[in-house]
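Open the model in your viewer and keep the selection tool at hand.

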Amino acid sequence: RAKQWYQRRVRGMTLSKFLPRTFARLQSTAASVAFNSKNTPIQQTQLFINNEFVEAKSGNRFEVINPSNGDIICDVAEADKADVDLAVAAARSAFEIGSPWRTMDASQRGRLLYKLADAIERDIDYISALETIDNGKPFSDSRNIDIPLVINCLRYYAGWADKIHGKVIPADGSTLVYTRHEPVGVVGGIIPWNFPLLMFAWKIAPMLACGNTAVMKCAEQTPLTALYVAKLAKEVGFPDGVINVLSGFGHTAGGAMSHHMDIDKIGFTGSTEVGKIIQQASGQSNLKRVTLELGGKSPNIVFDDCDLEQAVGASHMGLFFNVGQCCCAGSRLYVQEGIYEKFVGEMVKQAQARVLGDPFDPRTNHGAQIDATQLNKIIGLVDSGVKQGASLQCGGGQYGDKGFYMEPTVFADVKDDMDISTQEIFGPVMQISSFKTAEEVIERANNTNYGLAAGVFTKNVDKMYQVSSALKAGHVWGNTYNVLVTQSPFGGYKESGFGRDLGEYALSSYTEVKCVTMAVPQKNS
């Protein structure tokens, strides 16, 4: 029955349908479409270059760890510069004038993306289980949120494939002037570990819809779903060399891509620190185009005239969704004085109600952090918060003796200069501060190097407009949080990067505008 419910109600939905009030129902009901993790064989562990799975030229491999128990899942091929060179050569050959990919009708490119989405939907149980084993998130999240959003993203950009075009310009003189929106060329995608396959889709779907060829590097922690989808890409008919997928480390494979003289563009999602390195590499090589979706320390502002139940629920998911491993997490929570004490109490109750444990248990809604390094970083920042005088309301330590679980943690009475208020924690640690006026909180919210996202909760439309207009952030949510839909753009200001993923806005990053001016004997209107 739960599977039928999922097919009727969940398939094709976006995250906006899940947050915040229906989220618990989705996890408790649809998660009962259980999947036995022991029945999840690992099928692809090699590099995918020129439509074939191959070993790394060096023969090196590295281990992939299950965050929920610390066990080794498998080992995979480790790409380095030699493998990047092969992948780029395959992508360049596929992009040559007269190749099957370049001569393919745009509508056919779209059909291939539709077919890839259909193949993922067919294998959604296996892919969701693979994502959960690789990343540590609950199976209910993989099955009912992440992978459906992957499918949506591919289908959205499949529809754009034959609608990307230029214009005829009524220029002065006896000329015919028109523009072409041409693919950039060979595009590299370097993706993070927090939403492995979804970030893969965010990059590769507009990339291919515009006619580019792709060299994708997965995060070394989470390569398994992208490698499996590479197999599906070959199955549905993508030509040789169009899609290449590498597993490897940032300082080797990622560095080789960033410095490569024959990659025309890099799309990167990850930390601000690495984003700066990639931008420098572009300047040191061929001035390849770069788009960066980087870190955040996003303010979430709750006024005392809000719907309190709505604000508590949405703010809870705005931080604790994906165990805080979201670049846009609403981690700086500002609550107006009139409701501050009540809000903190309700937030602590919700944090303490989260269920940690086996990600394949339908009751679990709080998974593991990605690895021991990230867990220790979070614990270190929590310790700093206690030492600097913030009030620890709940949580604060590691959970259990297996895997990399962090207790849901809430701090109150946080000062703006504390480390937990200035540094991106990337974990389930909420920091709550009070404020008096809109003018005060706008100034405090903008006092950061980041500018990815923000949230505002109020019933007053004028106040909502005033505050949202004043916030220096690429995405502002009003009376909700973490609503990310394929049709709307996502990206940041300041050190949160530049360029946009998703929506029509993403297409401009993957095309070049060429202007053609031709002399004509006579021009008629």
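Start inside. This is a predicted model. Its largest nonpolar core has 107 residues. Select Ile120, Tyr157 and Phe238, the residues with the most contacts inside that core.

Now turn to the rings. The structure holds 12 aromatic pairs. Pick Phe48 and Phe53. Their ring centres are 4.9 Å apart and their planes stand at 55°, so this pair is tilted. Buried or partly exposed? Phe48 has 0% relative accessibility and counts as buried. Phe53, at 25%, counts as partly exposed.

Next, select Trp193 and Phe426. Here the ring centres are 5.5 Å apart, and the planes meet at 85°, so the pair is edge-to-face. Both Trp193 and Phe426 are buried.

Colour the flanking elements. Trp193 sits in the loop between strand 7 (186-190) and helix 8 (196-209). Phe426 sits in the loop between helix 15 (419-422) and strand 18 (429-435). The pair therefore ties together parts that are 233 residues apart in sequence.

Last stop: Phe95. Look over the face of its ring and you find Arg102, at 4.1 Å from the ring centre.

Notes. Residues numbered from 1 in each chain as written. Predicted model: local features only at pLDDT ≥ 70, side-chain atom pairs only at ≥ 80, totals over all residues. Heavy atoms only, no water. Core = buried A, V, L, I, M, F, W, Y, C linked by side-chain atoms within 4.5 Å. Buried < 20%, exposed > 50% of the residue type's maximum accessible area, 1.4 Å probe, protein only. Phe/Tyr/Trp six-rings, centres within 6.5 Å; stacked < 30°, edge-to-face > 60°. Helix = DSSP H or I, 4+ residues; strand = E, 2+ residues; numbered from the N terminus. Lys NZ or Arg CZ within 6 Å of the ring centre and 35° of its normal.
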